[in-house]
Amino acid sequence: MTQQSRAQSDVFVPTGQLQFGVFFQGVNSGTIWKAAESGSQTDFESFRRIVQTAERGLFAAFFLGEGLRLREHLGRPHALDVVGRPDAQTMLAALASVTTNIGLVATQNTTYNDPADLAHRLSSLDLISRGRAAWNIVTTDNAWTGANFRRGGYLDHADRYRHAEAFVETAKRIWDSWETAEGPARNVLHEGQHYTVDVTPRLPRSAQYRPVLFQAGDSPEGRDFAARQADVIFSAHPKFDAAVEFRKDLVARSLNAGRGANAVQIMPASEFILAPTADEAAAKKEWVRSLQIGPQQAVAYLEQFWGRELSEYDPDGPLPEIDPVVEETSETRGSGFHGAKARQLADQWRAEAKDKGLSIRQFVTSRTARMDATFTGSYSAVADQLAEYARVGAVDGFNISPWLIPSGLDDIVNHLVPELQERGVYPTEYRGSTLRDNLGLETPVRTADEAAEAVRAL
Amino acid sequence: MSTPEEHTTEAGHAGFLAIELDGAGWDGGDFASLAEAVLAAESAGFHAVTFTDAPVAGRTNALQRAAYAGPLTRTIALVPEVDTVHTEPFHVSTQLASLDYVSGGRAGWIATAAESPEAAAAVGRRNVTGAALAQEAAASIEVSRRLWDSWEDDAVIRDVATGRYIDVDKLHYADYETPADFAGAGYSVKGPSIIPRPLQGQLPVLAAASLVGEGQVSADAVDAVLVTAPTAELLAAEIRDVRSRLGVSVAVIAELDVVLDARGLAAAERSAGSESGRARYAGTAAGLADLLQALLAEADGVRLHPASLALELDELSRLVLPELRRRGALRAPLLDGTFRDVLGLTRPASRYADSSAATAAGN
Ligand SMILES: Cc1cc2nc3c(=O)[nH]c(=O)nc-3n(C[C@H](O)[C@H](O)[C@H](O)COP(=O)(O)O)c2cc1C
């Protein structure tokens, strides 16, 4: 099938191919900073090394995450994990000058940006990189983050996607406003609930027309939003069965949204621990986990749910017998539970740990393993596993978080990529010079009038 | 923010030169690419390039152009204009700090506060005029400066024994609030920054001299001002005026449009361009060298706005800069130096560095 008809088909057709992206999170508990080979998280050289390794491995995209307030733990900045990172678009503009083919994806928030300003900066990045920019749309909206911005915490959580949709439609109109590559640009007017935008866009189309849109957000509203607006969804479901399930769900949502079954690609977040043999990989995983979840991290994990300091508890002893207090800073770390729910959870966890004879550290390790997005094994076994994803079309690729900076992609590029190429499921060269080319996405065809119509329909 | 002795003005003092890369945007302007243009400026021996963000069709974001130039260059400072009125101060601070990282400490900031109904309408805010412009600029600069200091230099400790990546006592809330008499919509910024302290500690902040002074952006808030006069003859007097008004703690950079005899065309035939309001020199390379030597005796630096980047850079690099260096009027560019080095500024300690643990974040 040609690309055109594939995207518009109402039957999902696997491409049989995989793409890789790299997610340089910058801020997390997954990056090991304690090993001898752990490099700087902020030096430009770390970014250069990762992106150039990814490009050597023909990765489609290099992602940067975003968090607009420093994470806190019990009311103070969280001390244990990697923290502090550069602005995504500024770093990507710099990386554009030392790369030629890889896509540059900026995670950017719809709540604490202005549509005209963000649209301008994204098309700027797209032009500077000659058609390699993308926007990973996120909707993080809490008042705690809002404390860093002019508007403060103005948005209700329930409204996050309604607001995001108006925002993205406005951005698309701005990008569509040049009738031809030369212009002229049409004025874009949007009067929304939270923003009024009245702008004559200044930047023409890029080599890939406009930035590619990724979406990360897993709620039903988030998935529907992606089905309507995005080119690629950055999902949280890398395990095979869950990935197949997610594909079905997204195909249904895309058809519902009036788009083709193949219109939205899927790249789940993932982690790889590889070695020449299965045994070596398993040993490596144990080493990785011991450095990711040290004794302090294990206790801090519980503190997050208990809402109080637990430093007097032995990480190698049983779970705390005291009860959680009301967690007041839950949004500061994304998870955590409130009041009664926390007490119930604590009872449940204590029972489970006692039952299985687990210490704090063992319990936390086993809990986080349940959300494990890791592929562990020999190069060839993992390649076989991934080839099966490609065959059934469970995903379009993987967004890989390296657990070591800056050498964390070396194994994947040196060993896994060639195995995948041998199996015919991974590119052997860049298809083109734009991100849209390399992902096999269609160029949007939409006139300014159609774009205006889409907004009126909201 | 510097100490008085850091800028000396005695005659013969070697100064620095900056050049505005206007036009070398996404389409390369006169050059085939932005990369080529910035490398030409660096190899000509300029100490800094500036990137205008004035809204012109086709011109990409100034800060991103500066970031793109970061990994390509080694000595030249990269100084974008970033607006303070219709931008988010928190984003501006993070973006500028990031520019410092990608350029190895060669970033600066021309803080602008242009009155622009168009910019206001684009973000759905009321147009800002008059004294309120300087208030917005002052607030945004103060937010950035506090956030840049909000991580002390040694906040990232990577202490394996205690499992701590950072020392929380070395992170500080900025807790900025706009003043009670703030004309625009007041706001607050909590902090700390989401990026560690910039490599230079504080990026040098530049602003138009007309924006700085009593009742405007305070002279303490900026490191250098850009001084404009209608003619080259009036520039020296204007420089002296600004110095006496703002004191010696602020470096002074004179603004000059330049058109040279080039490629067989006399400057007079080429200088039909639009009126910028800046002093203009049109003539031979030798005459320009004399003028610049005279200006550098008064100012700390001069910023050139070439009529055509490619044509003027060619003449400047072959004839003007070598002559000024020969006369000892130009400082030698510093390999791997910082923009603070160019301005003769030392690296400041964080304003929070001496504070006791009691004022550390969370206490
Ligand atoms: C794989 C993945 C990566 C994400 N990365 C970020 C990020 O870097 N920054 C951010 O603010 N939110 C990030 N998010 C959060 C979501 O974009 C979204 O704002 C949040 O999950 C709320 O939307 P939801 O209710 O639909 O999940 C990520 C989400 C997923 C699934």
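Contact here means heavy atoms within 4.5 Å, and helices (H or I, at least four residues) and strands (E, at least two) are DSSP runs, numbered from the N terminus. The model is a predicted one, so local features need pLDDT of at least 70 and side-chain atom pairs count only at pLDDT 80 or more, while totals for chains, interfaces and linings use all residues. Residues are numbered from 1 along each chain as its sequence is written, chains are lettered from A and ligands numbered from 1 in the order in which they are written, and side-chain values use heavy atoms, with hydrogens and water left out.

Helix α7 of chain A (residues 220-229) is a handy place to start. Its buried residues (under 20% relative accessible area; exposed is over 50%, partly exposed in between, with a 1.4 Å probe and protein chains only) are G222(A), R223(A), F225(A), A226(A), A227(A) and Q229(A). Their cover includes β6 (133-138), α6 (160-176), β9 (212-215), β10 and α8 (240-256) of chain A. Strand β10(A) (residues 232-235) in turn runs parallel to β11(A), joined to it by four bridges; two strands count as paired if DSSP finds at least two bridges between them. Within this pair, S235(A) sits opposite P268(A). As for β11(A) itself (residues 265-275), 10 of its 11 residues are buried.

Next comes the nonpolar interior. A nonpolar core is a set of buried Ala, Val, Leu, Ile, Met, Phe, Trp, Tyr and Cys residues joined through side-chain atoms within 4.5 Å. The largest one has 138 residues, and the members touching the most others are F20(A), F59(A), F62(A), L386(A) and L256(B). Leaving aside residues up to four places away in sequence, F20(A) touches F59(A), M267(A), L386(A) and Y426(A), among others. A separate core of 25 residues includes V82(A), Y165(B), V168(B) and Y187(B).

Then there are the holes. A cavity is a set of points, on a 1 Å grid over the protein atoms alone, where a 1.4 Å probe fits but cannot get out; lining residues have an atom within 4 Å of a point. Of the 16 residues lining the largest cavity, E66(A), L68(A), D87(A), A88(A) and I194(B) lie nearest its centre. Helix α3 of chain B (residues 89-102) gives the largest share of that lining, four residues.

In chain B, A107(B) lies in the loop between α3 and β4 (109-112). A107(B) counts as buried because its relative accessibility is 0%. Its contacts, not counting residues up to four places away in sequence, include L78(B), L96(B), Q200(B) and F339(B).

Most residues other than glycine have a negative phi, and most peptide bonds are trans. L58(A), not a glycine, has a positive phi of about 60 degrees and is buried at 14% relative accessible area. R158(B), in strand β5 of chain B, also has a positive phi, about 45 degrees, and is partly exposed at 24%. Strand β5(B) (residues 156-159) pairs with β6(B) (residues 164-166) in the antiparallel sense over two bridges. Cis peptide bonds join I405(A) to P406(A), with omega about 5 degrees, and G191(B) to P192(B), with omega near -10 degrees.

Conventions. On a 1 Å grid over the protein atoms alone, a cavity is a set of points where a 1.4 Å probe fits but cannot get out, and a pocket is an open set with protein on both sides within 12 Å along at least five of seven lines; lining residues have an atom within 4 Å of a point.
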